[in-house]
Amino acid sequence: MDKRHFATFYETYVERIYKFVFYRVGGNKALAQDLTQDVFLKAFQAFDRYDPAVSQVSWLYTIARNHLINDHAKRRPGVDLEEVEGTMLAAEDVRGRFAQRHDEQKLLETLTMIPVEDAKLVRMKYLEGWSFQDLEAIFEKKSGALRVQATRALKKVKQLLRDPHS
Amino acid sequence: MNLWNIKRRFASMSRHARPDREFVNALRRELQIKGYLSVPYFQRFHVWWKRALATSSLVIFGLIGTGTYAYASPSVLPDHPLYPVRTTLEQAELNVARGAKAKARVQSKLIARHLHALSKSVSVQERFEDEEADEQDVIHEDVQDVVTLEQQILSEMTVDKALFDEDENILLNKALKEQARRVQQRLQVVKRHRQNTR
């Protein structure tokens, strides 16, 4: 794809990619900024190989995710990102950022108690700001199905907030 | 916590995780320096333009709304904060009118509106200040007489086409200005009376 379009690409996705990284590095702002920068540098280098037929979101998400896995492997060898991804939000430093409100802290803890895919969907949709159309390519489901899944996941969160042992 | 509240909390947390504006700008600059972003002029400034356009639209709509209210509302009288806006707009309308005949027509219209506003102001005052009913009755009758008289004079002026002949324009202007002065004087009387009774 023509590299002249990269500017629009950057403006569209910089915030979402930053949030995506931010929540996966335990809320470390400096690290999130470094990794976001790396993701965009990598994306630019691969931009002329990008096939417009493929979803932009899916393509960029893959770059960001792979970069995070590589970075994570360097920092914590032997631990798979997939394993820690679900528990990231419960990390002390992330919680510290949102701990001003007790209910927000509880909400983050509750996210770790629902199925991993549901938690990932809720996190990407409501915390990171991806649209259901964006998420179609990542979850390989129609946006209608994702909408239903997200509502059900939120209902589970609501139920767990009421009764954590349910 | 209901579903709407849960979504609201997530939105609030999402706002906390936004990248700093400085970081986004610094990264953009770095990508530009490295030659990664060769941004066309309209794209580089599109965000800035969008904001500027939104802000200026809000300001323009606000000004238009205020101006329309000041110009059209009969409650905008000399003691109203928007009264200077009204007089400015009326003056502008008068200045825009081409020729003495058109100016005379505009002036007639403005006087008629002043009279209408004056009449309405008195009736509103009367409605809300029952304890001062006697005084209000007197001032109301007084002003109403003036209003009726001036409306008669104005309608005669409008009906009498001779007054709109070019030769008569000076006389007509003088008459209208005199009527406007009298309206202003009556308005001041009402205003003073209102202040005294309070």
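**Entry: the interface**

I looked up the contact between the two chains and found 30 residues from chain B and 37 residues from chain A in it. I note that the model is predicted. Next I took the buried area. Chain B and chain A bury about 3200 Å² between them. Carbon and sulfur atoms carry 69% of that area.

**Entry: salt bridges**

How many salt bridges does the whole structure hold? My search over all chains gave nine. I picked out one pair, Arg28(B) with Glu11(A). Their side chains meet at 2.5 Å, N to O. I checked where the two residues sit. Arg28(B) lies in helix H2 of chain B, residues 21-33, and Glu11(A) lies in helix H1 of chain A, residues 6-24, so this pair joins two chains.

**Entry: helix packing in chain A**

I turned to helix H3 (residues 56-75) and helix H8 (residues 132-139), both of chain A. Their axes come within 8 Å and cross at roughly 60 degrees. That angle makes H3(A) oblique to H8(A). I logged the crossing of the two helices as right-handed.

Which residues meet there? From H3(A) I listed Val57(A), Ser58(A) and Tyr61(A). From H8(A) I listed Asp134(A), Ala137(A) and Ile138(A). I sorted the contact of H3(A) with H8(A) by class and got four nonpolar residues, one polar and one charged.

Technical notes
Residues are numbered from 1 along each chain as its sequence is written. Chains are lettered from A and ligands numbered from 1 in the order in which they are written. This is a predicted model: local features need pLDDT of at least 70, side-chain atom pairs count only at pLDDT 80 or more; totals for chains, interfaces and linings use all residues. Side-chain values use heavy atoms; hydrogens and water are left out. Axes are lines fitted to C-alpha atoms, for helices over the stretch in contact, and angles run from 0 to 180 degrees between N-to-C directions. Helices (H or I, at least four residues) and strands (E, at least two) are DSSP runs, numbered from the N terminus. Angles under 35 degrees count as roughly parallel, over 145 as roughly antiparallel, 65 to 115 as roughly perpendicular and the rest as oblique. A crossing is left-handed if the near helix is turned anticlockwise from the far one by less than a right angle, and right-handed if clockwise. Contact means heavy atoms within 4.5 Å. Ala, Val, Leu, Ile, Met, Phe, Trp, Tyr, Cys and Pro count as nonpolar, Asp, Glu, Lys and Arg as charged, and the others, Gly among them, as polar. Buried area is the accessible area (1.4 Å probe) that two parts lose on being put together, summed over both. A salt bridge is a side-chain nitrogen of Lys or Arg within 4 Å of a carboxyl oxygen of Asp or Glu.
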